[in-house]
Each structure stands twice: as C-alpha cells, then as structure tokens.
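This briefing is intended for a reader who has the sequence and the coordinates at hand. It covers the ligand site, the pockets and some backbone features.

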Amino acid sequence: MIDMEDHLEEYIGKIIKGVGGFYYVYVEAHGIYECKAKGIFRKNNKKPLVGDMVKLTPLPDTDNDMLGSIMELLPRKSELIRPQVANVDQAMVVFAAAEPEPNFNLLDRFLISMSIQDIPTIICFNKVDMVDEDKVKEYMNIYENSGFKTCFISVLEDEGVDEIRAYLKNKTTVLAGPSGVGKSSLLNLLKPDANMETGEISKKLKRGRHTTRHSEIFHIEEDTFVLDTPGFSSLYVNDIDKEDIKNYFDEFSEYEDECKFLGCLHINEPVCGVKKALEEGKISRVRYDNYKLLIKELENNRKY
Ligand SMILES: Nc1nc2c(ncn2[C@@H]2O[C@H](COP(=O)(O)OP(=O)(O)OP(=O)(O)O)[C@@H](O)[C@H]2O)c(=O)[nH]1
Ligand SMILES: [Mg+2]
Ligand SMILES: [Zn+2]
C-alpha cells in the first residue's frame, strides 16, 4: 500500500519568529517558510517557541511555494519562561545606565530566574554616554562580587560593543530587559541589515514604549545567533524556597562560615557573617536589600 503522506518532503528548520499564529521557519537549503503549526498544540500541549527546531512539510500552493506546516517539535536544549524562547545557550540582560533608570530589584530577579533555569547570564549596562564615570563605578561595585560578568556600553557611541561580540561568539544568546534600554538598537549595531524598529522612550515617564512586540532570532555570523525580545517590567520569582534564595547571591558565601546558626537567613539572626560584611561595606547594600525583599515576598505568599 502506498500512503501519500510518505511522499511528502520533510525539512528540519529553526523557528525565527512567530506572529499572529504563523511561524517563520528557516530551512538552511531553502529559505524561510511561513508555517502553521498543525495540531502540535493539541497533541502534546506544547506551543512552538522562537528558537525551536521543527520538522515541516512544504505546502503546495500556486503562487507561494514557501508555505509549510510544522509537523513536529524536536527536543529542546533549554526553554525560558520570560522571555519565552527555546534553545538559547545564554542570556544577556540589558539595562540602561539611565533613561530608564536601572531597576536593580528587577535585575536581581532576572538573575535568579536565569540561574534557576541554568542559563548563564551576562549583565550589560547600555547608554553609559548618559551618565558620568562615578555612576558607572557605582553600578560596577554592586555586581563586582556577584559572580556575573558585567559590561558597560554605549550603542549610540559604539563603545564597548566589541566586548559584547566576543561574549556572543559561537553561541545563541537572548537579549532581555526592560523596554527602552536599547536591546533592538544593540541588535541593529551587531547586524545592520536586521532593521529592527527602535522607539524613543517617553519623555514624561522616562520609560520605554514597548516597541518590540515579538521575539526574533538573528544570524550574526557562523554559529552565532542573537534573539531580540519584547521588554518586560516585572518578573515574579516564586518557584523557589526562601531558604534557597541566598544560594543565588554568590557574594554571601564567603561570609556564611561566620554565621552562628546553621541555615542562617542573614536577616534577624544574631552573629551573622553576612550582616557583618554588609556593615563593613564588603557586600552591596543594593543586593542585600533586594535579597531581603525577595524573602519577605515569599513569606507573604505562604500565607495564602
Ligand atoms: N543615549 C543613548 N540612547 C540610546 C542608546 N542605545 C539606544 N538608545 C535609544 O534608546 C531608545 C530605545 O531603544 P530601543 O532599541 O528601541 O530599546 P528596546 O530595549 O529595544 O525597547 P523595547 O523594544 O521597547 O523593549 C531609542 O531612542 C534609542 O535610540 C545609547 O547607547 N545611548
Ligand atoms: Mg526592542
Ligand atoms: Zn547569616
């Protein structure tokens, strides 16, 4: 018996963008197919994400031979919730040194969330052209001992971007961060023909206007991909016990030996190495306050 289905060609490609129910799938030898995801949703309750590798079959059509249907999602190497993308090797979280002012609480939440998901993260402060050197030093000090790589750049003045290129090389990296910090501007600098739309921040509120609405993946050079994503303004960390949060603050660890109590939360306990280091200025107040806030938040959640 000959089954027609067996004769359909099948290609493997990467979802580079998803808009309005259509997925754009790049197949190396053929180009970009516009696809619907046929039944995948219902079959295993899995929504295709940007970055997913998929099997597709081209659909015969009289005037467009680049239409296809996604038949299967291939296994994911990684999957992020926010931004919702698949198969990235690392994240570069972008904040602005000013306009919008950095929200360190949001940044620390993002860092924890990425660590929980085992995604290495680089911190990037853009728009250093808008602040003086002291400000840059102040921001550097906050993350100095956090265990994260940090870089300070200006897309506007093409400053520090070579360092970024080195970090991105041979990897798939998702750019993430609040609206208006310059993620799409950075992408356009890395890949001039990307033509991502950028948007001025609101003069009154000094906030971004959510210019980018969809995640999209770009090929920068051989084996190097970068994903531009929509900005976000909040992030809730709740899939963690409050006792474990301290493990995501690397700079605490060298002082924990001096804590009197096993499992010290470094908040109200007497004889606490972390609190002592804080008083001596060895641990950043900004980081510690964010830590405390997260603990409080998780404690309040418990009540419900
Ligand atoms: N002064 C200065 N402005 C910059 C720099 N980089 C980007 N901008 C400006 O910041 C504004 C926002 O840039 P976008 O690239 O649209 O920001 P985004 O992070 O993609 O924002 P969303 O897409 O809304 O998430 C634009 O007006 C850019 O021109 C920089 O290095 N310095
Ligand atoms: Mg953008
Ligand atoms: Zn302690």
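In the counts by residue class used here, Ala, Val, Leu, Ile, Met, Phe, Trp, Tyr, Cys and Pro are taken as nonpolar, Asp, Glu, Lys and Arg as charged, and the others, Gly among them, as polar. On that basis, the lining of the largest pocket comprises five nonpolar, 15 polar and eight charged residues. The model is predicted. The largest pocket is the space that ligand 1 takes up.

**Polar contacts of ligand 1**

- Asn126 places a polar side-chain atom 3.1 Å from an oxygen atom of ligand 1.
- At Leu156, a polar backbone atom is 3.0 Å from an oxygen atom of ligand 1.
- Gly180 also takes part through its backbone, with an N or O atom 2.9 Å from an oxygen atom of ligand 1.
- On its own, ligand 1 has 660 Å² of accessible area, and the protein covers 88% of that area.

**Largest pocket**

- The space in the largest pocket amounts to about 540 Å³.
- Its lining consists of 28 residues, and Lys127, Gly180, Gly182, Ser185 and Gly199 are the closest to the pocket centre.
- Helix α5 supplies the largest share of this lining, namely three residues.

**Second largest pocket**

- The volume of the second largest pocket is about 430 Å³.
- Fifteen residues line the second largest pocket, and Lys14, Ile16, Tyr26, His219 and Phe225 lie nearest its centre.
- Strands β1 (11-19), β2 (22-27) and β10 (216-221) are the elements that give two or more residues to the lining of the second largest pocket.
- By class, the lining of the second largest pocket is made up of nine nonpolar, two polar and four charged residues.

**Backbone features**

- Most residues other than glycine have a negative phi, and most peptide bonds are trans.
- The peptide bond that joins Arg82 and Pro83 is cis, with omega of about -5°.
- Pro83 belongs to the loop between β5 (67-73) and β6 (90-96).
- A cis peptide bond also leads from Glu99 to Pro100, where omega is near 0°.
- Pro100 is located in the loop between β6 and α2 (104-116).
- Asn195 is not a glycine, yet its phi is positive, at about 55°.
- The loop between α5 and β10 contains Asn195.

Definitions and conventions. Residues are numbered from 1 along each chain as its sequence is written. Chains are lettered from A and ligands numbered from 1 in the order in which they are written. This is a predicted model: local features need pLDDT of at least 70, side-chain atom pairs count only at pLDDT 80 or more; totals for chains, interfaces and linings use all residues. Side-chain values use heavy atoms; hydrogens and water are left out. A polar contact is a pair of N or O atoms within 3.5 Å; within protein, one must be able to donate a hydrogen and the other to accept it, and residues adjacent in sequence count only if both atoms are side-chain atoms. Accessible areas come from the Shrake-Rupley method with a 1.4 Å probe; for residues, only the protein chains shown count as cover. On a 1 Å grid over the protein atoms alone, a cavity is a set of points where a 1.4 Å probe fits but cannot get out, and a pocket is an open set with protein on both sides within 12 Å along at least five of seven lines; lining residues have an atom within 4 Å of a point. A molecule sits in a cavity or pocket if more than half of its atoms lie within 2 Å of its grid points. Grid points are joined across faces, edges and corners, and a volume is the space filled by probe spheres set on the points. Helices (H or I, at least four residues) and strands (E, at least two) are DSSP runs, numbered from the N terminus.
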